[in-house]
Amino acid sequence: MLLSTGICIGVTPLATVFGREEFDPIVKRGLLLSIVTLMAGGVVILLSLGQTLRSIPALLLSPNPSSAMWWMIVFYGIYGVALIAEFALLEWRNASRRSVAIVALIAPIFAGGTLGAIFSSVDVRPYYGDFFGPAYMLVTAVLSGVALITLVALVEKKVRSRDVVGDTKALLTDTLAKYLGLMLTATLFLVAWKFVLGTTATADAVADAHAQMFFGPSAWWVWGVGIVLGLVVPLALVLFPQTRTTNGVLAASGLTLIGLFAARLEYVVGGQVVALVNDPAYQYPFASYTPSGVEIAVVILGFAVAALLYTLGDRVFDLHELPAHGGQESMTPTPTDPAPGGDDDD
């Protein structure tokens, strides 16, 4: 679900709220990606609740405003409605949607921040008990959103055997690539901050949990996949003009998403490594966690649902339609009215 919020926090609002027209070619594609990833995330969460049919009635009939999770669901609900409304209004050529886009920008900020606060407030899970949890969630959400929309746009070009040229190439391999590099740098800073504060914490449980993740059996994929392959290598690819090519940016965005998946797994595993009971027999060796077959199947289902919904949306809707500005009707590029830079795919 952070994939969805990341796109609507850091990418599409640049055009729909702040009027940056160079981002117009990816607005509609970005909104569809936000919708399908939000729906796929909802499917995964509902399947993980155990009592799926009880969740929605309980949310409506017995609300708990003192619960951060309840507010997260409310914010995500508002965000989902605003997101669908914005996409629908974009289909109506003369409709203004800036006010809806503002709601679709603010709601996921609160939703993502509340999600981080949920983990940060769980004192019995020492790996989660950090005060910059909300900031980490929001920064990595934007990073994942930029990486996803860049990856999808470039893969579509590759699949359709169309060259990335002109303004479209500048958007994908220059503007978005540099944006990706900025978010990679910010994420690396937060990861370094977490490492230093966690491993030097005065609370033994906090220090032990971080030491176990960064230096224990999980260290090879926490460092190798989550940090080196998922953050350092992509940053190097987009940092230098020689590698900031179509293939280089494609590789960087793909590796970033792989690294963020490892970072989310690190978050899950990190919360399990210190036992919850105050009994030395359960404190060492540390509790271990390995995803079950059902959990792996649910994750695969989430990816499949997102891919299926996006493919159907790509066939039903014109994702190359450019949004209108200043109350003018949006225009769909045609052979006689080419898209900026001469690339008729955008």
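Start by selecting Phe189: at 55% relative accessibility, this residue counts as exposed. One thing to keep in mind as you click around is that you are looking at a predicted model.

Trp193 is partly exposed, with 32% relative accessible area. The ring centres of Phe189 and Trp193 are 6.1 Å apart with the planes at 40°, so call this pair tilted.

Next, go inside. Select Leu176 and show what is around it. Leaving aside residues up to four places away in sequence, Leu176 touches Phe23, Ile26, Val146, Thr150 and Leu171. Leu176 also belongs to the largest nonpolar core, a set of 77 residues. Which members touch the most others in that core? Colour Tyr76, Leu176 and Leu180, because a nonpolar core is joined through side-chain atoms within 4.5 Å, and these three touch the most other members. Then highlight helix α7 (residues 133-159), which gives the most to this core, with 13 residues.

Glu156 is in helix α7 and Arg29 is in helix α3 (residues 27-48), so the pair ties together parts that are 127 residues apart in sequence. Are the two partners buried or exposed? Glu156 is buried at 9% relative accessible area, and Arg29 is buried at 1%.

For another charged pair, jump to Arg20 and Glu22, whose side chains form a salt bridge at 2.4 Å, N to O. Arg20 is partly exposed, with a relative accessible area of 40%, and Glu22 is partly exposed at 34%. The count for the structure comes to 3 salt bridges.

Back to rings. How many aromatic pairs does a search of the whole structure find? The search turns up 13. For one of them, select Phe119 and Tyr267: the ring centres are 5.2 Å apart and the planes sit at 75°, so the pair is edge-to-face. Phe119 comes from helix α6 (residues 98-120) and Tyr267 from helix α11 (residues 246-270), so this pair ties together parts 148 residues apart in sequence. Phe119 is partly exposed at 24% relative accessibility, whereas Tyr267 is buried at 7%.

Then select Trp70, Trp71, Phe75 and Phe110 together, and you have one aromatic cluster.

Last stop: charges over rings. Show Lys28 with Phe87, where the charged end of Lys28 sits over the ring, 5.8 Å from its centre. Then show Lys194 with Tyr127, where the charged end of Lys194 sits over the Tyr127 ring, 4.2 Å from its centre.

Conventions: Residues are numbered from 1 along each chain as its sequence is written. This is a predicted model: local features need pLDDT of at least 70, side-chain atom pairs count only at pLDDT 80 or more; totals for chains, interfaces and linings use all residues. Side-chain values use heavy atoms; hydrogens and water are left out. Buried means under 20% relative accessible area, exposed over 50%, partly exposed in between (1.4 Å probe, protein chains only). Helices (H or I, at least four residues) and strands (E, at least two) are DSSP runs, numbered from the N terminus. Contact means heavy atoms within 4.5 Å. Rings of Phe, Tyr and Trp (its six-membered ring) pair if their centres lie within 6.5 Å; planes under 30 degrees apart count as stacked, over 60 as edge-to-face and the rest as tilted. A charge sits over a ring if NZ of Lys or CZ of Arg is within 6 Å of the ring centre and within 35 degrees of the ring normal. A salt bridge is a side-chain nitrogen of Lys or Arg within 4 Å of a carboxyl oxygen of Asp or Glu.
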